[in-house]
Amino acid sequence: MTTGPTPHDHEPDELGADRLRSVLGSTAATVQPTDGSLGQILTRAHHRSPWVWGAPVLAAAAAVVLVVGAGVYASSRGTASPQPPGSQAPTSSAQPSTPSTEPSPSSTQTGNGPAVALPVYYAGSYDGQTRLYREFVRVHTLTPAQDAIRQALSGQAQDPDYRTLWKPGTTLDGYTKQGATASVQLSSPPAPPSTMALQQIVYTVTASDPTVTTVVVSYGPGGYGSQTLHRNPAIDTLALVWLLTPSYGTTVHSPVVLSGQAQVFEATVSWEIDTPGGTVVTTGNAMTPEAFVVGPWKATVTLPPGQYVAKAYAISMADSSRTWIDSKPFTVR
Amino acid sequence: MDPEPGVLGRTPAAMGDDPRTWTADQAVTVLHSAHYRSLVRTAALLLRRTDLAEEVVQDAFVGLHHRWGRLRDPEKAVAYLRQSTVNGARSVGRRAATASRKEPVLAADPSSVPDPAAAVVERDAVLRALAALPDRQREVLVLRYYADLSEAAIADALGISAGTVKAHASRGLAALRPTLEQVR
């Protein structure tokens with residue numbers, strides 16, 4: 001389609017230009033930049049090597065520059081964070097976290113501001129362990145972090161296996177940001193929130209505003225509880241396998257791109273396509289770049305039209321059983 | 001994404017209106033929000049690789065961070081980002097092509113067309129034909145027909161004259177035409 005803006009020069013388009021515009025536009029739309037790119041850029045900008053300014057023989061001078069550089073970094077980024085802000089993948093080669101399709105909306109709010117796909121973290125459990133998953137919510141907003149927190153508190157995920165770790169009715173009572181520190185004031189919980197509940201807020205805030213590295217979460221009357229937090233390491237916090245596309249309940253065309261993120265043994269994610277009745281249609285494996293480090297995985301499968309359930313999971317190191325199964329029903333048109 | 005609201009997009013409320021007063025962090029933050037995604041997509045089309053596109057654009061933003069003190073002008077900063085993205089894509093593309101025979105990972109979007117199987121093949125053929133063009137022709141076509149830049153802006157991004165832009169656009173399009181005619 002060629003509904004985009006017209007070129008600035010006023011000559012009529014040459015033959016074929018509309019088609020080229022359509023192919024480029026639709027192809028480009030499949031490219032989704034990673035979360036946390038701003039944080040990675042700022043971290044790199046503040047970590048520039050002193051060597052580029054002088055010969056290595058000037059070791060003392062270089063050391064001074066390095067210390068000054070580190071000071072700038074610390075003051076502008078807040079205190080040390082266990083990993084780059086907003087980043088799920090602490091590897092330096094950034095890859096789109098949702099490589100093939102636009103995040104689909106779970107709700108569309110009307111409001112001012114640009115349309116953004118807000119990253120929101122929810123909890124899910126497997127074998128009694130609770131970890132975080134991420135979905136995108138498309139909204140028009142000028143206050144992405146606040147809207148993302150409200151969505152996280154609500155627990156209204158597209159995937160019904162996900163939930164909030166905050167009691168129903170918990171509200172966002174205040175949000176302020178100063179430098180790289182965001183302060184989040186929540187209404188009273190019945191008991192001190194769990195580490196994972198707090199991380200649900202921390203991951204959501206730092207993903208929706210990558211300039212934030214420190215989150216002060218306070219709760220209860222007069223802020224009786226208040227904790228200054230950073231992202232805990234992904235290995236302790238995120239579910240081991242995420243299936244991101246096809247997203248929950250969507251209709252897609254074949255070939256279907258299965259993709260997600262995982263931090264798994266031998267860097268191997270297993271996937272399976274079932275019928276809604278549970279009959280296995282096909283299975284396969286996909287690799288992440290590195291074992292036990294959050295990284296993207298992707299597989300492509302050709303399927304006839306119909307309804308399916310995609311599953312992605314890790315194989316347990318202990319007993320070779322399937323663990324951390326993330327599943328999404330979808331339709332192939 | 002919605003059409004970009006001018007060069008700057010939205011400015012965080014805490015920042016002053018005058019870009020000359022912005023720190024490098026603030027300038028990079030504002031320009032990232034307005035331009036990062038479209039630059040990554042531009043680089044992905046130039047490289048036919050999604051994995052390297054972000055690397056190229058992040059390098060451009062890191063470079064901008066270092067230069068902001070001298071630029072202090074969002075228009076110039078955006079021009080710098082474009083130049084840096086195109087140049088970066090070109091050198092990374094060469095390096096990737098000589099280092100490995102890895103297949104490109106950017107393919108046409110199956111959900112963008114009604115009859116996916118055939119149309120995806122046709123659209124992939126266009127992307128392959130585009131990749132086979134001389135660098136300048138490919139760059140001009142992507143900047144014009146994806147990024148919708150004016151001839152003057154393309155000339156600025158590539159460091160060539162507007163007349164040369166026109167010539168590259170017309171030669172490139174002519175070379176792609178047989179493939180484009182197959183696209184439904």
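Mentor: Start with P276(A). Leaving out residues up to four places away in sequence, P276(A) touches Q307(A), Y308(A) and V309(A). Contact here means heavy atoms within 4.5 Å. Along the chain, P276(A) and Y308(A) are 32 residues apart, yet their C-alpha atoms are separated by 5.5 Å. P276(A) sits in the loop between strand 10 (268-274) and strand 11 (280-287) of chain A. Helices (H or I, at least four residues) and strands (E, at least two) are DSSP runs, numbered from the N terminus. P276(A) counts as exposed because its relative accessibility is 55%. The cut-offs are under 20% relative accessible area for buried, over 50% for exposed, and partly exposed in between, with a 1.4 Å probe and protein chains only.

A word on the source. This is a predicted model, in which local features need pLDDT of at least 70, side-chain atom pairs count only at pLDDT 80 or more, and totals for chains, interfaces and linings use all residues. Residues are numbered from 1 along each chain as its sequence is written, chains are lettered from A and ligands numbered from 1 in the order in which they are written, and side-chain values use heavy atoms, with hydrogens and water left out.

Now the rest of chain A. It has six helices and 14 strands. Of its 333 residues, 52% are buried. Among its contacts between residues at least 6 apart in sequence, 67% join residues at least 24 apart.

Two prolines in chain A follow cis peptide bonds. One bond joins T245(A) and P246(A), with omega about 0 degrees. P246(A) lies in the loop between strand 7 (241-245) and strand 8 (251-252) of chain A. The other bond joins S254(A) and P255(A), with omega about 5 degrees. P255(A) is in the loop between strand 8 and strand 9 (256-262) of chain A.

Look next at W324(A). It is not a glycine, yet its phi is positive, near 50 degrees. W324(A) belongs to strand 14 (residues 322-332) of chain A. It is buried, with a relative accessible area of 4%.

Nine of its ten residues are buried, so helix 2 of chain A is largely enclosed by the rest of the structure. S37(A) lies in this helix, which spans residues 37-46. S37(A) is buried at 2% relative accessible area. Beyond its neighbours within four places in sequence, S37(A) is in contact with H32(B), Y36(B), E54(B) and Q58(B).

That brings us to chain B. It has seven helices and zero strands. Of its 184 residues, 54% are buried.

How do the helices of chain B pack? Two packed helices are described by the angle between their axes and the distance between the axes. Axes are lines fitted to C-alpha atoms, for helices over the stretch in contact, and angles run from 0 to 180 degrees between N-to-C directions.

Take helix 5 (residues 135-145) and helix 6 (residues 151-158) of chain B. They pack at about 135 degrees, with axes 10 Å apart. That angle makes helix 5 of chain B oblique to helix 6 of chain B. Angles under 35 degrees count as roughly parallel, over 145 as roughly antiparallel, 65 to 115 as roughly perpendicular and the rest as oblique. R136(B), E139(B), V140(B), L143(B) and R144(B) in helix 5 of chain B meet E151(B), I154(B), A157(B) and L158(B) in helix 6 of chain B.

In the loop between these two helices of chain B sits D148(B). D148(B) has a positive phi of about 55 degrees, although it is not a glycine. D148(B) is buried, with a relative accessible area of 12%.

Helix 6 of chain B also meets helix 7 (residues 162-180) of chain B. Their axes come within 8 Å and cross at roughly 100 degrees. Helix 6 and helix 7 of chain B are therefore roughly perpendicular to each other. The contact joins E151(B), I154(B) and A155(B) in helix 6 of chain B to A162(B), V165(B) and K166(B) in helix 7 of chain B.

Finish with helix 1 (residues 24-47) of chain B. Its axis and that of helix 5 of chain B come within 10 Å and cross at roughly 145 degrees. T42(B), L45(B) and L46(B) of helix 1 of chain B make the contact with R138(B), E139(B), V142(B) and L143(B) of helix 5 of chain B.
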